Amino acid sequence: MNVHDSRRMEEVLSQAGYEAAQTASDADVIVFNTCSIREKAEHKLMSALGTYRPLKHMRPDLVLAVAGCVAQQESEKLLRKVPYLDVVLGPDNIPELPALIEHVRSGGPPVARTVFDNDNPSFLQATPRAARDEVCSFVTIMKGCDQRCSFCIVPYTRGSERYRSADDIIHEIKHMVEGGIREVTLLGQTVNSWYEPGTADINSMLAPHQRALDKSSQFASLLQRISDEVPALSRLRYTSPHPQHLTDELLEKHASLEVLASHVHLPVQSGSNRVLKRMIRRYTREHYIERAKALLQSRKGMTLSTDVIVGFPGESDEDFEQTLDLIKSVGFVSAFAFKYSPRPFTPSLKLEDDVSEEVKDERLAALLSLVAEQQDAHLESLVGTIQSVLIEGPSRGVQGRFMGRTERNEIVHVDLAPEQNPVGQLLEVEICQAFKHSLRAVKRGESLAPVPAKNTRRLPLAGVQ
């Protein structure tokens, strides 16, 4: 989501006549886009701002701005804490950035704009950048969150759920594809709770369980419309879904829509029912496992990744073992795992943070080790297979090597002749080596030159054809 917001800020500034600077010392405006999900986000921001204080002292006309979730969270308090800060900008106020900059440059006082657009939500459209050989992009279909998980600050920094019309979403995707985009990821805090604006009154009359079903039905219908109305789109992804809205109708779309990628990031947070209840996650361990396995079985080769929090208040050794057991049972190929840290304005602040940092560190290491083992085994299993890879651009540091992703989201480095430019193409490749977090391949029917074995998980196969 923050990557998407950064891109939108770049676009509104470009439309106002600004160009990207090569270095901070060359810049007229420096924008910090922030995230407040993890611990010490505010401290990291203050430290980063401090590094630019001398530059601001030397050049008083330099405009310093803070955007994103920390900006929304702290608002005018940031201006009091950092007297040399000029602009504080919430996620819903991105279109106002050029005007706020001009306000400051014209002699106006520092300003904070952190107002949610609840009454008239707007969604900035992305602009394809053909000159950059851009292949993948994001499209926001909703923003905000109504789940109110006890550990999460997102409802405070992003507001309640607001939805974008299907016609507007499809129009933007068509525009992107016309500009060269081949893969689109639909974005939302709980993306599969999307529904068509204007149906809210009807939806609110339903029982909570029926509302979840109705939302999932509408999201599934949106996926169908995108598939039908944008046939030139090569791949469609979405993130991040909530397990509560993973219904049979959505599973059927994974089985029937070829454009949908064979990978879903499905946050679980914990494998313990007791902890899930304290987290206010609104599902049980058993429900999650059943839904995850049904998703894995919906199409051949489907994989899952997840989010996990360790050391949540009250998490016992037994609770953590249940989380490890769930990780094994589902078979995630990757995971984002974090130690619990108290976040401002969240309900979990009322719970005693009674798990020591030492125990949190031990649990995090154990979980990451297990996930790494499963990821290694998965990548190794792909050596020798044929995969379809969407090429996104050159790999760093090696001429004639390009980076892309499979439909399951594995990163693949493909060796090609230096004169070839396959960016934006779907290539059939043969996987020849498994690295720690990625794969190496050659175009189907070609051979692989050896590389030093110390960087690989598996030695290259000799004479791959």
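Modeller: Before we start, a definition: on a 1 Å grid over the protein atoms alone, a pocket is an open set of points with protein on both sides within 12 Å along at least five of seven lines, while a cavity is a set of points where a 1.4 Å probe fits but cannot get out; lining residues have an atom within 4 Å of a point. Grid points are joined across faces, edges and corners, and a volume is the space filled by probe spheres set on the points. This is a predicted model, in which local features need pLDDT of at least 70 and side-chain atom pairs count only at pLDDT 80 or more, whereas totals for chains, interfaces and linings use all residues. Residues are numbered from 1 along each chain as its sequence is written, and side-chain values use heavy atoms, with hydrogens and water left out.

Biologist: How much space lies in the second largest pocket?

Modeller: The second largest pocket holds about 680 Å³. Its lining has 25 residues, and E10, L13, E19, A20 and A21 are the ones nearest its centre.

Biologist: What supplies the largest share of that lining?

Modeller: Helix 1 does, with eight residues. Helix 1 (2-15) and strand 1 (29-34) each give at least two residues to the lining. Helices (H or I, at least four residues) and strands (E, at least two) are DSSP runs, numbered from the N terminus.

Biologist: And how do the lining residues divide by class?

Modeller: There are 11 nonpolar, six polar and eight charged residues. Ala, Val, Leu, Ile, Met, Phe, Trp, Tyr, Cys and Pro count as nonpolar, Asp, Glu, Lys and Arg as charged, and the others, Gly among them, as polar.

Biologist: Staying with helix 1, which of its residues are buried?

Modeller: H4, D5, R7, R8, M9, E11, V12 and L13 are the buried ones. Buried means under 20% relative accessible area, exposed over 50%, and partly exposed in between (1.4 Å probe, protein chains only). Helix 1 has 14 residues and reaches 20 Å from first C-alpha to last, close to the 20 Å expected at 1.5 Å a residue; the expected span is 1.5 Å times one less than the number of residues. Just after helix 1, G17 takes a positive phi of about 100°.

Biologist: Changing topic: which residues of the largest nonpolar core touch the most other members?

Modeller: Among its 57 residues, they are I141, I173, L186 and F219. Helix 8 (residues 166-178) supplies the largest share of this core, six residues. Another core, of 19 residues, lies apart from it and includes A27, I30, L79 and V82. A nonpolar core is a set of buried Ala, Val, Leu, Ile, Met, Phe, Trp, Tyr and Cys residues joined through side-chain atoms within 4.5 Å.

Biologist: What is L186 in contact with, leaving aside its neighbours within four places in sequence?

Modeller: Its contacts are V139, I141, I173, V191, F219, L223, I226, L236, R237, Y238 and T239. Contact means heavy atoms within 4.5 Å.

Biologist: Next, M302: why does it count as buried?

Modeller: M302 counts as buried because its relative accessibility is 7%. It sits in the loop between helix 13 (285-296) and strand 11 (303-310). Beyond its neighbours within four places in sequence, M302 contacts H254, A261, S262, H263, V264, L295 and L296.

Biologist: Which elements do the buried residues of helix 13 pack against?

Modeller: They pack against helix 11 (248-256), strand 10 (263-265), helix 12 (273-279), strand 11 and helix 14 (317-330). The buried residues themselves are R285, Y288, I289, R291, A292, A294 and L295.

Biologist: Last one: is L426 buried or partly exposed?

Modeller: L426 is partly exposed, because its relative accessible area is 38%. It belongs to strand 16 (residues 426-434). L426 and L390 are 36 residues apart in sequence, yet their C-alpha atoms are 4.4 Å apart in space.
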